[in-house]
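Please walk through the structure below with the text beside it.

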Amino acid sequence: MSSYFFLQPGLNNVFFEEVKNYSEVHKKQIYIINQPLGDSKYKYEYQKAFVILCPKQKITFIDLGNSKDEFEEFKLDFLEDLGSISDKYQYKDQIGRPRKWIKDLIYSVDKAPKDLDRFFKQTIINNSEDQKLAELLITLLTGSINDIKRVGVKVPNTLLEKVKQRILLFDGDQTRFIYDHEQGNKVTIQGLSGTGKTELLLHKLKDIYLNHDESKTIFTCHNKILAQEMRRRIPEFFNFMKVEEQILWNERLWCVHAWGSNNNKDSGTYRKICDYYNLNFYTYSPSRSFNDVCTFAIEEIKEMNKVNTHGKLFDYVLLDESQDFPESFFELCELVTQEVLYIAGDVFQSIFDVDFVSKVEPNFLLSKCYRTDPKTLMFSHAVGMGLFEESPLRWLDDEEWKLCGYQVSHNETNTKCILRREPLRRFDDQSEGIESISIFNTDNTTVEESVNITINKIIDEFPDTEVDDIAIILIGSNQFVFSSSDKLEYSIPRKFGWTVNKAHENKENIPGQLFISNKNNVKGLEFSFVICIADRIRSGYNYRNALYMMLTRSFLKSFFLVPKSSNEAVFEQFSDGWNEIYNTGKMEVTIPSVNYQEQIKTKIRQIGKNQSYNEFIESIFEELEIPEMWREPLFESTKSIIGHNFDRENAIEIINFNFSRMEK
Amino acid sequence: MKSYTFFLDNISVNEFFKPIRSRSHAIERTLRALKLMGLNPKIPKTSIKGELRLYIDKMNRIFFYTENKYFTLNFPFSVQGTINEMKFYSDYLGVIDNKKSSDLLALINSGVQNEECIDAFYDKFCDVVEYNVEIWNEFRRLIQLEDGYIRYDHDPINEDNDIHPLNHLDIFYSQSSTIKIGLKNKFSKDELIDSVNIKTNCKYLY
């Protein structure tokens, strides 16, 4: 299925196929519906009338049944309902009553148009205010409700206003995920960051909660802070979506992280499962991974036949950030779920897993990232995987590239892989002229000076910039990250009059303050501009993954502040790589030899055996600033001495001792 | 006796002179002072609005001054180096670098110390910082510490005879335990230091 086209489930006609092809060829977002989505109460007797929705086009009613009276009735009823939906979501105050927009925005034809080119010319809306109004009506009809107070009806003047007033409109894939209910009992949804996964899960949750009265549903993710944030967002979202039913927390709905603690049976998914089935609950300990405890639980449930005796615990499970979980957690959830287990995750974050393709196989692949400029995304991927460097850290085959939303081709001699992403009209093309990555050599400036210059550049180019539009994210050794953020905390209020929020000290994003963070507190956040500051670029997987995460947080522009002197080769490679992407819209990457590809896989496989242990050792290397070339031998020697032991002090002592001997 | 003096601009004065009403506030202010001293920013003379002084001797105290208000807190770290390159130490953590001070600030800001249940306390602690026994011991030491809060006020706006004398000292910050001691005259910065320095002659109330 295409992300450009959405056909309401159950509809069928040759004409719809033609429209589908047209949408793909012309890359036009088109929806065909016969009732407003999002609320099942809107139903009509006449089954042969349809509505075509397409941004910048009039909303068009089509009669395929040749019954004038019934068609007229359908139109009247449909528009009346659209008016009441507009009232329900408080659009009416802004967009006015239907009689104000019917004349200019609604069109109808009594049979299927034969010439679609001509049809779309006839129904085009030229006036930008009307275009916005029509798009808002489409959001109402497709259930992609926006906060009308934020979006407004006025046409934004500046690009930054466009970013702030952007209208969220689900594409074909996204709409299908929410409204197509025939998807089996395990549905995976994969997408890069910025493709709207969490938003979709919220819509799905609302759909389940409203349409399945007695259902029990749990929303879960790995990170406790994220779970708390979602627990705060769900009631807000339900209020916003005018869900009238009360949320029955811990009766019908849970929103918790995956593990949980002993003192509260509703504190985690695994904890809840243990309580319900009367299983042994294990708390976190450095020698017990989450995989271990899930495996114990599965064994216990199966051995004691607990599902038969206790029944299924949940009707629906919505699982976010699936890349953070072992397979055993999915299995455990599936075991205790009656209806559907929804699994959402970011493909790229699991790209350092060797079995990338077989692990992913999503039902829905969201390849369009609506947050970040496609060129920024390409650059960030290339930086993450080391594609600009002589020895890439990761190589994907063609199928895997496609999974990440790339169009793949090869040069004639098959020595180069040519990667492109489809351009996206995110902010009506106005953002196209902007160079969405800027690499800044910080050799001759202090961190305060380079940030000062960058913020001034932003303000020069976008005079309506406000403090919430910018984030500063630092990556590198602890000393570099924490001393730089202390310096910035002092200098920025004095230069710009802005208060600084160091998220690694406050653990939240505070409105009206400049966000500064290390790599740990940026998940799920997005800003118009991101200033990424690094010292020496490392090759560790965690480090590169964090770089990718940081660079893709921006709507408009990511600034990459990095010293050339400590990154001589890489700095040039990144700059050249970006220039190629910016100027040609593609990147040509030399395909590594089969042998080298195999080496990469072997390395990932070796390290991937016990990811958490590796991350543990890797974090110590980062902390002690161990040079890259010594990490592998040190890793091996440490492992052979202490085994898979997570005693930090011990590991540091051994690494320090071995390292001192190696240097000699 | 080692002493170090730093000047404060308007922004720093506003940050440091926010009311102290709890132990957390006192610790937070101490850690922020530690960070500021580590930075030792240069301030143009015209921007100077206050002062911060650190005394390390038998008495370890930090003093914050504006024209009419001073306050002082116990400074629970040892210090080495010159004013341009100060290093702070504690028994548990060794050198307190920028990360360790940020971790301690993150713990204080998170309110973890107010958790009622021991499990929830431990969970939250591990969410905020990567648990290790040193950071826990340092945090425990800080929240158990006697913070030695004393404030001097020259307060013409709220002056009310002997109930709220023009010049007075407030000892302890909480409503129920605070002590107000009236002063006959304006106190100088050095007089406040002198009055809490156990190595100099005592002051007498009567």
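A:K186 is partly exposed, with a relative accessible area of 31%; buried means under 20% relative accessible area, exposed over 50%, and partly exposed in between, with a 1.4 Å probe and protein chains only. This is a predicted model, in which local features need pLDDT of at least 70 and side-chain atom pairs count only at pLDDT 80 or more, while totals for chains, interfaces and linings use all residues. Residues are numbered from 1 along each chain as its sequence is written, chains are lettered from A and ligands numbered from 1 in the order in which they are written, and side-chain values use heavy atoms, with hydrogens and water left out.

The side chain of A:K186 meets that of A:E334 in a salt bridge, at 3.8 Å from N to O. A salt bridge here is a side-chain nitrogen of Lys or Arg within 4 Å of a carboxyl oxygen of Asp or Glu. The pair links distant parts of the chain, since A:E334 sits in helix α15 (residues 327-335) of chain A and A:K186 in strand β6 (residues 186-191) of chain A, 148 residues apart. Helices (H or I, at least four residues) and strands (E, at least two) are DSSP runs, numbered from the N terminus. A:E334 is partly exposed, with a relative accessible area of 33%.

A second pair in chain A joins A:E422 and A:K27, whose closest N and O atoms are 3.7 Å apart in a salt bridge. This pair also links distant parts of the chain: A:E422 lies in the loop between β13 (416-420) and β14 (437-441) of chain A, A:K27 in the loop between α1 (14-25) and β2 (30-33) of chain A, and 395 residues separate them. A:E422 is partly exposed at 21% relative accessibility, and A:K27 is partly exposed at 46%. Over all chains the count comes to 48 salt bridges.

What of the contact between the chains? In chain B, 23 residues are in contact with 20 residues of chain A, where contact means heavy atoms within 4.5 Å. The two chains bury about 1900 Å² between them, 50% of it on carbon and sulfur atoms. Buried area is the accessible area (1.4 Å probe) that two parts lose on being put together, summed over both. On the side of chain B, B:L39, B:N98 and B:K99 lose the most area to chain A, together 25% of what that side buries.

Across this interface the rule finds five salt bridges. One of the pairs between the chains is B:K35 with A:D486, with the closest N and O atoms 2.6 Å apart. The elements that give two or more residues to the chain B side are α1 (10-16), α2 (23-39), α3 (98-110) and α4 (118-128) of chain B. The largest share, six residues, comes from α3(B).

A:D486 and B:K35 also belong to a network of salt bridges that links A:D486, A:E489, A:K502, A:E505, B:E28, B:R29, B:R32 and B:K35. Within chain B, B:E28 forms a salt bridge with B:R29, the closest N and O atoms being 2.8 Å apart. B:E28 is buried at 15% relative accessibility, and B:R29 is buried at 3%.

Back in chain A, helix α9 (residues 172-179) is mostly covered, with eight of its eight residues buried. The cover includes β1 (5-7), β2, β6, α10 (197-211), β10 (337-345) and β11 (364-366) of chain A. A:D171 caps the N-terminal end of α9(A), with a side-chain oxygen 3.1 Å from the backbone nitrogen of A:D173.

In chain B, strand β3 (residues 60-65) has five of its six residues buried, so it is largely enclosed by the rest of the structure. Strand β2 (residues 50-56) of chain B pairs with β3(B) in the antiparallel sense over six bridges, where two strands pair if DSSP finds at least two bridges between them. A hairpin joins these two strands through three residues. Five bridges join β3(B) to β4(B), which run antiparallel, and B:F63 stands opposite B:T72 in β4(B).

Key: A polar contact is a pair of N or O atoms within 3.5 Å; within protein, one must be able to donate a hydrogen and the other to accept it, and residues adjacent in sequence count only if both atoms are side-chain atoms.
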